Amino acid sequence: MFTFKNFNIADWFSFYRIIISPLLLVLIWLDLRFAFSCFLLVSYLTDAIDGQLARKLKITSPRGSQLDSVGDQITLIMGLIGLLNFESDFIKTNLTLILIAFLPFVLQMFIAYYKYGKATAFHTYLAKLSAVVQSVFILWSLFFSPEYPLFYIMLIIGILETVEEITLIFMYDTWASDVKGIYWALRDKRRLENKQ
């Protein structure tokens, strides 16, 4: 049964990222770049905290992993909308590169929903690195201005991470959370049990 009492503190950090998104949209609409950037920074900080908190308190769960993934995706989308609004010239100049990098992500989401009926929550090391680089690039761009070396690094790591996610989807017949990467998936008992 779905009740708010069933959620733990780490889940609430993930909820924050989801609940705050309408306010972020309002701040974009009001053209309040600094306020938007500050609230987005808080969202990224909650992302850094919730997983650490869940592991430290031993309250990790598949539901929490999925909630964290939804919060991550919403935060990324809010960051991209903010960039589109506040750094529109940069986005227009680099739209082709951005679309090339974004298409594998769309493909990965489609495959995941087709196979599992929901988004993945592998939380690989590469995904964590990609999220950190994305957040640094987005926040740096919003507080200061876009930097091309960081932009290119973000795109490359993002594409590599998406390729790894797609590979993991094909490796796991059933939905699984918290897989560190392909190397660890090859030894994962959950995957090997499903293959027998």
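# Contacts, burial and salt bridges in an all-helix model

Mentor: In the protein chain, 74% of the contacts with a separation of 6 or more are between residues 24 or more positions apart. The model is predicted.

Trainee: How many of the residues of the protein chain count as buried?

Mentor: Of its 196 residues, 42% count as buried. The accessible surface of the protein chain is about 11200 Å², and carbon and sulfur atoms account for 71% of that surface.

Trainee: Which residues is G79 in contact with, leaving aside its neighbours within four places in sequence?

Mentor: G79 is in contact with L40 and I138. A contact needs heavy atoms within 4.5 Å. I138 is one of the buried residues of α7.

Trainee: How do you know how the reach of helix α7 stands against the expected value?

Mentor: Helix α7 covers residues 125-143, which is 19 residues. The expected span is 1.5 Å times one less than the number of residues. The expected value is 27 Å, and the helix reaches 27 Å from its first C-alpha to its last, so the reach is close to expectation.

Trainee: Which residues of α7 are buried?

Mentor: They are A127, S130, V133, Q134, S135, F137, I138, L139, S141 and L142. Take S135, which is found in helix α7. Its relative accessibility is 11%, and the cut-off is under 20%, so S135 counts as buried. The side chain of S135 also reaches the backbone oxygen of V132 at 2.8 Å. An α-helix has 3.6 residues a turn, so residues three or four places apart point the same way.

Trainee: Which residues form the nonpolar patch on the surface?

Mentor: The patch is formed by F34, L41, L45, I49, V132, V136, W140, F143 and F144, with about 830 Å² of accessible area together. Helices α3 (33-56) and α7 each supply at least two residues of the patch.

Trainee: What makes L41 count as partly exposed?

Mentor: Partly exposed lies between the buried cut-off, under 20%, and the exposed cut-off, over 50%. L41 is at 32% relative accessibility, so L41 counts as partly exposed. A patch residue needs over 30% relative accessible area, so the 32% of L41 passes that cut-off too. L41 lies in helix α3.

Trainee: How many salt bridges does a search of the whole structure find?

Mentor: The search finds three. One of them is formed by D72 and R17.

Trainee: Why is the pair of D72 and R17 called a salt bridge?

Mentor: A salt bridge needs a side-chain nitrogen of Lys or Arg within 4 Å of a carboxyl oxygen of Asp or Glu. The closest N and O atoms of D72 and R17 are 3.0 Å apart, so the pair meets the cut-off. D72 lies in helix α4 and R17 in helix α1 (residues 9-19), so the pair ties together parts that are 55 residues apart in sequence. R17 is buried, at 1% relative accessible area, whereas D72 is partly exposed, at 25%.

Trainee: What links R33 and E87?

Mentor: Their side chains meet in a salt bridge, at 2.8 Å from N to O. This pair links distant parts of the chain: R33 is in helix α3 and E87 in the loop between α4 and α5 (88-93), 54 residues apart. R33 has a relative accessible area of 23% and is partly exposed. E87, at 15%, falls under the 20% cut-off and therefore counts as buried.

Trainee: How do you know that R190 forms a salt bridge with D188?

Mentor: The closest N and O atoms of R190 and D188 are 2.9 Å apart, so they come within the 4 Å cut-off. D188 is buried at 11% relative accessible area, and R190 is partly exposed at 35%.

Trainee: What makes F102 partly exposed?

Mentor: Its relative accessible area is 37%, which lies between 20% and 50%, so F102 is called partly exposed. F102 lies in helix α6, residues 95-116. The C-alpha atoms of F102 and T162 are separated by 9.3 Å, while the two residues are 60 residues apart along the chain.

How values were computed:
Residues are numbered from 1 along each chain as its sequence is written. This is a predicted model: local features need pLDDT of at least 70, side-chain atom pairs count only at pLDDT 80 or more; totals for chains, interfaces and linings use all residues. Side-chain values use heavy atoms; hydrogens and water are left out. Helices (H or I, at least four residues) and strands (E, at least two) are DSSP runs, numbered from the N terminus. Buried means under 20% relative accessible area, exposed over 50%, partly exposed in between (1.4 Å probe, protein chains only). Patches are made of residues with over 30% relative accessible area and no salt bridge: like charges are joined within 9 Å, nonpolar side chains (Val, Leu, Ile, Met, Phe, Trp, Tyr) within 5 Å. Accessible areas come from the Shrake-Rupley method with a 1.4 Å probe; for residues, only the protein chains shown count as cover. A polar contact is a pair of N or O atoms within 3.5 Å; within protein, one must be able to donate a hydrogen and the other to accept it, and residues adjacent in sequence count only if both atoms are side-chain atoms.
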